Amino acid sequence: MHMADLGDIGLHWREDGNPHGAPIVFANSLGTDLRIWDKVVARLPGQYRILRYDMRGHGLSDCPPPPYSMGALVRDVERLLDQLEVRDAVFVGLSVGGMVAQGLAVKRLDLVRAMVLSNTAAKIGTKETWEDRVAAVKSGGLESLADGIMEKWFTAELRATPELRLWRNMVTRSPEQGYIGTCQAIAGTDFYTPTSGLTLPTLAIAGSEDGSTPPDLVRETAGLVRGSEFHLIRRSGHIPCVERPDDYTERLMEFLTAIGH
Ligand SMILES: O=C(O)CC1=CCC(=O)O1
């Protein structure tokens, strides 16, 4: 566990694997933290320098008052990677983390040699749907939304197990201000044009039963990037790194091997 002091914000990050290995960076989704990657990291070979962090307003990172902008989320990880002297990383981002991947690749291609765009898109939802979500959090708290969120994150199979409570607790215990700020950052993001200008090895991953970023939406974003491929994980919702870690890691490893990382 480490805290990076970036001046106006502190970000919680963690390193596993070989500190001299080829870097892989993992970015979390809305209402989660770096623990969503635990199962994948445990399955990866020890040769990589594996970096994870909690996005602002999430996990153990600082939680400034909302609103947040996508520019700020991208700048956070840009400064973190500069401070850690990381270059040429494979950047794996889930959902809003995948938006950060796109923004970072557009801004600093020296930091990103390849992307894994997991359960994400150039634009997720509409301004109105995110405004509604923010209003619902303000009126009823995250507890009032948690069951609906779980239906998007996981299939009925996982939801029938005790593990569900663990992830439900993660979202209901998320800092409300951080959750709201991140919804506002997503609401203001449309990466269609900038992402269309990207050329780099990219693996897009979708979950067959993802209620937040359905497979067709992920496929469409993959189609914007020259050098992309698409992979569907079956029997998975929005968070396949949690629900299908064997499939997820196997596909990630095939991608890493194919690009010689
Ligand atoms: O609605 C959700 O919780 C899924 C989601 C959308 C953006 C994100 O990061 O997670």
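How far apart do the end C-alpha atoms of residues 23-245 lie, and how much of the span is helix and strand?

## The annotated span

The end C-alpha atoms of residues 23-245 lie 20 Å apart, and the span is 44% helix and 18% strand. Helices (H or I, at least four residues) and strands (E, at least two) are DSSP runs, numbered from the N terminus. An unreviewed UniProt entry places "domain: AB hydrolase-1" on residues 23-245; such annotations may be inferred rather than shown by experiment.

Some ground rules: this is a predicted model, where local features need pLDDT of at least 70, side-chain atom pairs count only at pLDDT 80 or more, and totals for chains, interfaces and linings use all residues. Residues are numbered from 1 along each chain as its sequence is written, and side-chain values use heavy atoms, with hydrogens and water left out.

## Around the ligand

Who surrounds the ligand, taking residues with a heavy atom within 4 Å? The list is Ser 29, Leu 30, Ser 95, Val 96, Trp 130, Arg 133, Ile 149, Trp 153, Ile 186, Ser 212 and His 238. Helix H4 (127-140) and helix H5 (146-153) each supply at least two residues of that shell.

Now for the polar contacts (pairs of N or O atoms within 3.5 Å). An oxygen atom of the ligand is 2.9 Å from a side-chain N or O atom of Ser 95, and a ligand oxygen is 3.0 Å from a polar backbone atom of Val 96. Trp 153 has a polar side-chain atom 3.1 Å from an oxygen atom of the ligand. The protein covers 99% of the 280 Å² of accessible area that the ligand has on its own, going by Shrake-Rupley with a 1.4 Å probe.

The peptide bond from Pro 66 to Pro 67 is cis, with omega near 5 degrees. Pro 67 lies in the loop between strand E4 (49-53) and helix H2 (70-83).

Asp 88 is not a glycine, yet has a positive phi of about 55 degrees. Asp 88 lies in the loop between H2 and strand E5 (89-94).

Note on methods
Near = heavy atom within 4 Å. Polar contact = N/O pair within 3.5 Å; in protein donor to acceptor, adjacent residues only side chain to side chain.
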